[in-house]
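I opened this model to look up its sheet, its cores, its metal site and its charged pairs. My entries follow in the order I made them.

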Amino acid sequence: MPSLLHAYPLDAATVDRVVTQRSPGAYVLGHKEPGRSFSIGFVGRAEGSLNVRLKQQAGATVYTAFTFQYCDTAQQAFEAECTVFHTFAPPHNKSHPARPANGDWKCPGCKIYG
Ligand SMILES: [Zn+2]
C-alpha cells in the first residue's frame, strides 16, 4: 500500500520530480498540513502511467497532497487500491474500485468479485 509517511504537494512539477518511473501504481490523495499527519481523501490507481494519472489529478481535485506506490502490473495496482479502500475507507471513494470488464481480478479485501 502507498507509504503514508511521505506525502508530497499535488502539483505537476512535484509529480515529475518524485514519480519518475513509467509504471502502473496506486495513489492516495488527501491533505497534509504542516505538523499534522496526512489525511486520506481518495484512493485511485493508474494501470498505465502513474505519473500521467497524477498530473491529470493535479488541479482537478480539492486535494493538495498525494502519496503513491509503484506496482509491477495493472492488477497489482488494483489490489493495492482495494487494500487502501478497505483499510481506510477514503471519504471521496463512493464505490468499490472497479476492475476492467475483461479482467477476472479478485479483491484482496472482500468477496465483491467472488
Ligand atoms: Zn473489495
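**Sheet**

How many bridges join E1 to E4? I counted two, and the strands run antiparallel. My strands and helices are DSSP runs, numbered from the N terminus: helices are H or I with at least four residues, strands are E with at least two. Two strands pair if DSSP finds at least two bridges between them.

Before going on, I note that this is a predicted model, where local features need pLDDT of at least 70, side-chain atom pairs count only at pLDDT 80 or more, and totals for chains, interfaces and linings use all residues. Residues are numbered from 1 along each chain as its sequence is written, and side-chain values use heavy atoms, with hydrogens and water left out.

I then traced the whole sheet. It is open, has four strands in the order E1-E4-E2-E3, and its pairing is antiparallel. Strand E1 (8-9) and E3 are the edge strands, each pairing on one side only. I looked up Tyr8 and found Phe66 as its bridge partner in E4. At the other end of the order, E2 and E3 pair over seven bridges, in the antiparallel sense. There Gly25 stands opposite Ala46 in E3.

Is E3 enclosed or open to the outside? Seven of its eight residues are buried, so E3 is largely enclosed by the rest of the structure. I use buried for under 20% relative accessible area, exposed for over 50%, and partly exposed for in between (1.4 Å probe, protein chains only).

**Cores**

Next I checked the nonpolar cores. A nonpolar core is a set of buried Ala, Val, Leu, Ile, Met, Phe, Trp, Tyr and Cys residues joined through side-chain atoms within 4.5 Å. The largest one has 14 residues. Which of them touch the most other members? I found Val19, Leu29, Leu54, Phe66 and Phe68. Helix H1 (12-18), strand E2 (25-31), strand E3 (39-46), helix H2 (50-57) and strand E4 (65-70) each supply at least two residues of this core. I also noted a second, separate core of seven residues, including Val28, Ile40, Val84 and Phe85. In general, nonpolar side chains tend to be buried together in soluble globular proteins.

**Zinc site**

Which atoms coordinate the zinc ion? I listed His86 (NE2), His96 (NE2), Cys107 (SG) and Cys110 (SG), at 2.0 to 2.2 Å. Donors are N, O and S atoms within 2.8 Å of the metal (3.2 Å for Na, K and Ca); water is not among the atoms, so sites may look incomplete. The four donor atoms make angles of 106 to 117 degrees, and the site is tetrahedral. For four donors, that label needs all angles between 85 and 135 degrees. I wrote the donor spacing in sequence as H-x9-H-x10-C-x2-C. His96 and Cys110 both sit in the segment after helix H3 (74-88), 14 residues apart. His96 is buried at 17% relative accessible area. Cys110 is partly exposed at 26%.

I stopped at Pro108, which is also in the segment after H3. Pro108 is exposed, at 52% relative accessible area. I searched for its contacts (heavy atoms within 4.5 Å). Not counting residues up to four places away in sequence, Pro108 touches Glu79, Cys82 and Thr83. Its C-alpha atom is 9.5 Å from that of Phe78, 30 residues apart along the chain.

**Salt bridges**

How many salt bridges does the structure hold? I found three. A salt bridge here is a side-chain nitrogen of Lys or Arg within 4 Å of a carboxyl oxygen of Asp or Glu.

One joins Lys55 and Asp16, at 2.8 Å from N to O. Lys55 lies in helix H2 and Asp16 in helix H1, so the pair ties together parts that are 39 residues apart in sequence. Lys55 is partly exposed at 31%, and Asp16 is partly exposed at 41%.

I looked at Arg45 next. Its closest N to O distance is 2.6 Å with Glu81 and 2.7 Å with Glu47. Arg45 is in strand E3 and Glu81 in helix H3, 36 residues apart. Both Arg45 and Glu81 are buried; Arg45 has 14% relative accessibility. Glu47 is partly exposed, at 36%. My last entry: Arg45, Glu47 and Glu81 are linked in a network of salt bridges.

Methods:
Four donors count as tetrahedral if all angles lie between 85 and 135 degrees; four count as square planar and six as octahedral if opposite donors are over 155 degrees apart and all others between 65 and 115; anything else is irregular.
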